[in-house]
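Thanks for coming, everyone. Today I want to walk you through one protein and its ligand. Have a look at the picture first.

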Amino acid sequence: MSALFITFEGIEGAGKTTLARWLSERLRQEGIPSWLTYEPWEPRLREVLLEQGDLQREEELLLFLADRAIHTRHIRHALAEGKTVVCDRYADSTLVYQGYARGLDIEWVRQLNHFATGGLQPIRTYLLDLPVEIGLQRQRERNRIGAEVIAFHERVREGFLTEAGREPQRYLVLDATQPLEELQRALWEDVRWLLGHSHPPQAAI
Ligand code: T5A
């Protein structure tokens with residue numbers, strides 16, 4: 001059984017954290033070694049990126065990439081130790097938020113992502129897709145709604161769907177408006193399948 005690198009992506013409030021935590025717990029119950037992680041990862045960079053709020057898009061891009069370069073080193077170690085890595089956001093978030101939504105050149109961001117990750121790609125990316133209004137509504141219930149406008153989040157949603165269409169073998173798009181139990185069922189079915197099959201080396205390590 002090979003260690004998998006799995007990521008969750010989607011707009012805010014899509015349910016990424018909820019499902020990533022559920023998967024991590026399910027893997028633990030099955031006796032499968034795993035590491036649950038997230039981005040932005042490095043605490044000081046996370047604080048600057050999520051709390052500061054007045055960064056230029058180029059500054060933001062470089063900080064996300066620096067964070068990813070550090071984080072990827074730890075992900076590689078975990079995979080080499082045989083741990084399945086469950087990651088809440090990864091390189092696709094930069095492509096979509098800084099590229100598609102903030103307007104930086106998408107192909108250039110793709111190349112920079114490659115530089116930061118050394119080419120490490122998840123074997124599977126679960127895209128939790130749902131209408132922006134529902135995602136923001138879920139956040140509002142926790143009083144966490146940000147200042148960014150609906151149009152921005154629409155670009156994020158469209159960006160993720162475009163990328164999923166570009167790489168259908170890696171992405172699995174899940175309808176995130178479904179009840180959690182349905183999502184968990186579909187997710188586990190796919191993860192179980194992945195765990196039972198061998199994968200190309202560059203995707204697994
Ligand atoms: N960013 C990040 C970039 O711009 N570039 C990058 O490269 C990276 C890595 C991260 C921010 O940084 C940006 C993107 C973001 O703006 P964050 O605080 O980590 O900030 O925000 P998110 O990752 O978006 O986390 P959220 O908590 O907002 O969204 P989640 O994790 O998708 O949602 P979750 O699981 O917390 O669920 C939200 C609520 O919905 C409920 C949950 O119980 C919870 O209350 N819920 C459901 N309700 C009904 N049905 C379901 N199926 C549900 N699933 C969850």
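One definition before we start. Helices here are DSSP runs of H or I with at least four residues, and they are numbered from the N terminus. Keep that in mind, because the helix numbers come up a lot. Also, this is a predicted model.

Let's begin at the ligand. How many residues surround the ligand? The count is 26. The closest are K16, T17, T18, R89 and T94.

Which helix gives the largest share of that shell? Helix 4 does, with four residues. The shell has eight nonpolar, nine polar and nine charged residues.

Next, some distances. An oxygen atom of the ligand sits 2.5 Å from an N or O atom in the T18 side chain. For the side chain of R89, an N or O atom lies 2.8 Å from a ligand oxygen.

How much of the ligand does the protein cover? On its own, the ligand has 1,000 Å² of accessible area, and the protein covers 82% of that. Several elements give two or more residues to the shell. They are helix 1 (16-29), helix 2 (43-52), helix 3 (57-80), helix 4 (91-101), helix 6 (132-140) and helix 8 (180-195).

Now to salt bridges. Searching the whole structure turns up 17 of them. I'll show you a few.

Start with R26 and E30. Their side chains meet in a salt bridge, 3.2 Å from N to O. Are these two residues buried or partly exposed? R26 has 23% relative accessibility, so it counts as partly exposed. E30 is partly exposed too, at 41%.

Next, E60 and R102. Here the N to O distance is 2.7 Å. This pair links distant parts of the chain, 42 residues apart. E60 is in helix 3, while R102 is in the loop between helix 4 and helix 5 (106-117). E60 has a relative accessible area of 10%, so it is buried. R102, at 30%, is partly exposed.

E107, R110, E163 and R166 are linked in a network of them.

Last stop, the nonpolar core. In soluble globular proteins, nonpolar side chains tend to be buried together. In this model, the largest nonpolar core has 34 residues. Which of them touch the most other members? F8, L23, L27, Y126, L128, V156 and V191 do.

Where does the core come from? Strand 1 (5-10), helix 1, helix 4, strand 4, helix 6, helix 7 (150-166), strand 5 (171-175) and helix 8 each supply at least two residues. Helix 8 gives the largest share, six residues.

Note on methods
Residues numbered from 1 in each chain as written. Predicted model: local features only at pLDDT ≥ 70, side-chain atom pairs only at ≥ 80, totals over all residues. Heavy atoms only, no water. Near = heavy atom within 4 Å. Polar contact = N/O pair within 3.5 Å; in protein donor to acceptor, adjacent residues only side chain to side chain. Areas by Shrake-Rupley, 256 points an atom, 1.4 Å probe, with all protein chains shown as cover. Nonpolar A, V, L, I, M, F, W, Y, C, P; charged D, E, K, R; others polar. Salt bridge = Lys/Arg side-chain N within 4 Å of Asp/Glu carboxyl O. Buried < 20%, exposed > 50% of the residue type's maximum accessible area, 1.4 Å probe, protein only. Core = buried A, V, L, I, M, F, W, Y, C linked by side-chain atoms within 4.5 Å.
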